[in-house]
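This report describes the secondary structure of a two-chain model and the way its elements pack. The sequence and structure come first, and the description follows.

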Amino acid sequence: MNENEIQLKVQALVDGELTGREAEALQQRINDDAKLQHLHAKLTQMRGLIADSELPRPLPESRDFYWNKIAETIEHEKRAGERAAPPKPVSRWLLRWLAPVAGVSALVLLLTLQQPTAPDLGITLNSDHELEMSDDEIDVMTYNSDDDSMSIVWLDYSMDIQRDYMELWLD
Amino acid sequence: MVLLLFAGGGLASVQADSLTVNARLVLGTSKEKQGSKKVSESIRKRLAKVFKWMHYHQLSSKKLTIDDSKTVTSKLSKNASIKVTNQKNGKVSVSLFSGGKMLLQKTQTLRSGQYMVLAGKSTGDSAWFIVLSKSN
């Protein structure tokens with residue numbers, strides 16, 4: 001036995017954990033060793049101090065009844081948990097389908113709300129008006145006067161009509 | 001005599017179904033151009049109310065008489081031309097071409113006193129306008 005093991009044995013002796021023969025053998029060894037005597041004395045003293053300063057905690061009822069009460073409480077909570085856990089088959093089915101549907105609906109609503117809205121240019125185009133572009137690269141702005149007396153289509157398309165007109169006139 | 005009356009009635013009905021449209025090519029500028037023909041005051045006021053240009057010069061004007069469901073093509077400048085279709089009940093369809101390429105088609109009911117305007121930027125600080133109106 002090395003020194004550390006002997007120290008642990010002394011500790012066990014002080015705590016009353018050793019059997020009679022083992023305790024006798026160790027006690028004999030302690031009696032022959034001044035160092036072990038000193039350690040035993042210190043540990044015994046320490047144990048006495050702890051035991052003296054520890055507050056007594058008497059149980060409110062008998063030990064058996066106390067532990068029985070704890071066991072009953074654990075059993076009761078376990079049963080309550082089992083009753084609440086499994087939902088009815090219909091509600092489980094509904095939950096399984098409604099949860100994704102609700103999620104998708106919320107996503108669609110969010111995306112719809114986030115759709116970029118067309119800038120309000122103060123343009124009112126009557127349903128009677130139809131505009132068809134043959135070139136998607138040409139930007140167009142439309143305007144309709146309040147009294148519907150004039151509708152304008154402004155094209156982002158440049159034409160040198162003065163020169164065109166002159167050429168037509170000269171032809 | 002009865003035949004003549006019938007013939008006259010038929011002619012009247014054909015004339016009633018046809019539509020006459022005035023198409024004008026207009027140049028809008030910031031500065032006045034001497035010697036150019038100005039658009040009518042009614043058109044000038046309407047355009048100046050919307051656009052920044054204060055002077056509007058009429059480069060060409062065409063009167064197009066179009067029968068029901070018929071189409072008439074008119075060249076307004078060297079490159080710009082229009083195709084106007086009478087779609088009955090005062091509804092007209094106007095296609096704008098530039099250099100033979102169709103740019104757009106606008107369809108609407110054109111009543112007396114109403115103007116359909118197709119417009120865009122021109123050289124310098126100017127703009128082109130094609131002003132269409134129903135002729136009385």
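Two strands count as paired if DSSP finds at least two bridges between them. In this predicted model, an open sheet of 6 strands is built in the order β2(A)-β3(A)-β7(B)-β8(B)-β1(B)-β2(B), and its pairing is mixed. At the edges stand β2 (140-144) of chain A and β2 (55-66) of chain B, each of which has a single partner strand, so one side of each is left without a neighbour in the sheet. From one strand to the next, the twist averages 15°.

Within this sheet, strand β7 (residues 115-121) of chain B and strand β8 (residues 126-134) of chain B run antiparallel and are joined by 7 bridges. Gly120(B) has Trp128(B) of β8(B) as its bridge partner.

## A helix across the strands

Helix α2 (residues 41-50) of chain B lies across strands of both chains, namely β2 and β3 (150-155) of chain A together with β1 (19-29), β2, β7 and β8 of chain B. Relative to β2(B), this helix of chain B runs at about 120°.

## Chain A as a whole

Chain A contains 6 helices and 3 strands, and from the N terminus on these elements follow the order α-α-α-α-α-β-β-β-α. Of the 171 residues in chain A, 8% are buried. When contacts in chain A between residues at least 6 apart in sequence are considered, 22% of them join residues at least 24 apart.

Helix α1 (residues 3-14) of chain A packs against helix α2 (residues 20-32) of chain A at an angle of about 115°, and their axes are 11 Å apart. The crossing in which α1(A) passes α2(A) is left-handed. On the side of α1(A), the contact is made by Lys9(A), Val10(A) and Leu13(A), while α2(A) contributes Ala23(A), Leu26(A) and Ile30(A). By class, the residues of this contact comprise 5 nonpolar, no polar and 1 charged. An α-helix has 3.6 residues a turn, so residues three or four places apart point the same way.

Definitions and conventions: Residues numbered from 1 in each chain as written. Chains lettered and ligands numbered in written order. Predicted model: local features only at pLDDT ≥ 70, side-chain atom pairs only at ≥ 80, totals over all residues. Helix = DSSP H or I, 4+ residues; strand = E, 2+ residues; numbered from the N terminus. Buried ≥ 20, exposed ≤ 12 C-beta atoms within 10 Å, placed from the backbone. Contact = placed C-beta atoms within 7 Å. Axes fitted to C-alpha atoms, helices over the stretch in contact; angles between N-to-C directions. Left-handed = near helix turned anticlockwise from the far one by under 90°. Nonpolar A, V, L, I, M, F, W, Y, C, P; charged D, E, K, R; others polar.
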